[in-house]
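Trainee: I would like to learn how to read the features of a model one at a time, moving from the general idea to the particular case. Could we go through this one together?

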Amino acid sequence: MMNLERLRVLDALARHGSVGGAAEALHVTTSAVSQQLAKLEREAGERLLARHGRGVRLTDAGLLLAGHAARILAQAERARADLEARRGAVAGELRVAAFPTAARGLLPGALAALRAEHPALRVRSWEVDPAAAVPGVARGDHDLAVVLDWHDRPLAVPEGLRTAPLLDDPAEAALPAGHRLAGEAEIDLADLGGEEWITWGAGEFCHEWLLATLRARGVEPDLAHRAPETHTQLALVAAGLGVCVVPALGREPVPHGVVTVPLRPRVSRHVYAVWREDADRRPAIGAVVGALRARGGAGEGRGPSRGPRA
């Protein structure tokens, strides 16, 4: 009889292509992955791995068993969902990924409410960029992810996943308090041509959106600084080192010396939850989505549209 958790390790190796990738996805050490695979080889009575350069590859037997492992794990997920649905139990462990501002502005309140209402449920969370979180859910690395897309740049969600809207998150321009446009009631992104820009890390979903949006408004941005965290971006603005677009979620407190100004036309992010269809009947999924919606509806992390002046 082959151990289900060892099949899960083999499945992770097949999906990620390396022992290190499997270990990262499963949140264990590479040594633990290697030990589990060695035990699985003994259980299977077949050589499942072969050396390949500095790494490993699956043998024909390994590929065959990995295909069965994926189907077995999917069936086990459906069985767990059916049993939990039958019991109506909000219990067990749920792995949640969220982009950084949602992890700061949305998750803490939602998870605290879940802990109080459903003490048998354990939620583990990670900060993950939406572009990585969606395939992570599809692969089974996470049970649910809080992701986003922009009003003019949707995030691709593959078949086999379900989504639920959580909130709309308006974004504004963040300017140094002494900026020539700091006193305006609203501004167009085209008004910020020639400015030095503070943006997210290269390749991140929001960074790619910003480039496309500015270019569509006739602005070729001078990318002066890159920082994945909103508060780091705002600190750079406060120092007079550039401007940025900053969403409301997880933004507060806005530092002294920064003014946020609404954009014309309105710019917003759509924040939603995504999970696998085969887990759809798990009461824990519904409970987490409900808690996230409650915090989003309460305006968690949202403050006044204007920050303090210098």
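Trainee: How many residues does helix H8 have, and how far does helix H8 reach from its first C-alpha to its last?

Mentor: Bear in mind that this is a predicted model. Helix H8, residues 205–216, has 12 residues and reaches 17 Å from its first C-alpha to its last, which is close to the 16 Å expected at 1.5 Å a residue. Just after H8, Gly-218 takes a positive phi of about 80°. As background, most residues other than glycine have a negative phi.

Trainee: Which residues of H8 are buried, and what covers them?

Mentor: The general idea is that an α-helix has 3.6 residues a turn, so residues three or four places apart point the same way. In H8 the buried residues are Phe-205, Cys-206, His-207, Trp-209, Leu-210, Leu-211, Thr-213 and Leu-214. Their cover includes strands S5 and S10, together with strand S7 (196–199), strand S8 (222–226) and S9.

Trainee: Why does Thr-213 count as buried?

Mentor: The cut-off for buried is under 20% relative accessible area, and Thr-213 counts as buried because its relative accessibility is 9%. Leaving aside residues up to four places away in sequence, Thr-213, which is found in helix H8, touches Asp-152 and Leu-189.

Trainee: How many aromatic pairs does a search of the whole structure find?

Mentor: A pair of aromatic rings is described by the distance of the centres and the angle of the planes. Here the search of the whole structure finds one aromatic pair. The rings of Trp-150 and Trp-209 have their centres 3.5 Å apart and their planes at 5°, so the pair is stacked. Because Trp-150 lies in strand S5 and Trp-209 in helix H8, the pair ties together parts that are 59 residues apart in sequence. Both Trp-150 and Trp-209 are buried.

Trainee: Where are cis peptide bonds found?

Mentor: In general, most peptide bonds are trans. A cis bond with omega of about 0° joins Glu-252 and Pro-253, and Pro-253 lies in the loop between S9 and S10. A cis peptide bond, with omega again about 0°, also joins Arg-264 and Pro-265, where Pro-265 has its place in strand S10.

Trainee: What does the UniProt annotation say about residues 2–59?

Mentor: The unreviewed UniProt entry carries the annotation "domain: HTH lysR-type" over residues 2–59. In the model, that span is 62% helix and 14% strand, and its end C-alpha atoms lie 18 Å apart.

Definitions and conventions. Residues numbered from 1 in each chain as written. Predicted model: local features only at pLDDT ≥ 70, side-chain atom pairs only at ≥ 80, totals over all residues. Heavy atoms only, no water. Helix = DSSP H or I, 4+ residues; strand = E, 2+ residues; numbered from the N terminus. Expected span 1.5 Å × (residues − 1). Buried < 20%, exposed > 50% of the residue type's maximum accessible area, 1.4 Å probe, protein only. Contact = heavy atoms within 4.5 Å. UniProt positions renumbered as here; feature names shortened; annotations may be inferred. Phe/Tyr/Trp six-rings, centres within 6.5 Å; stacked < 30°, edge-to-face > 60°.
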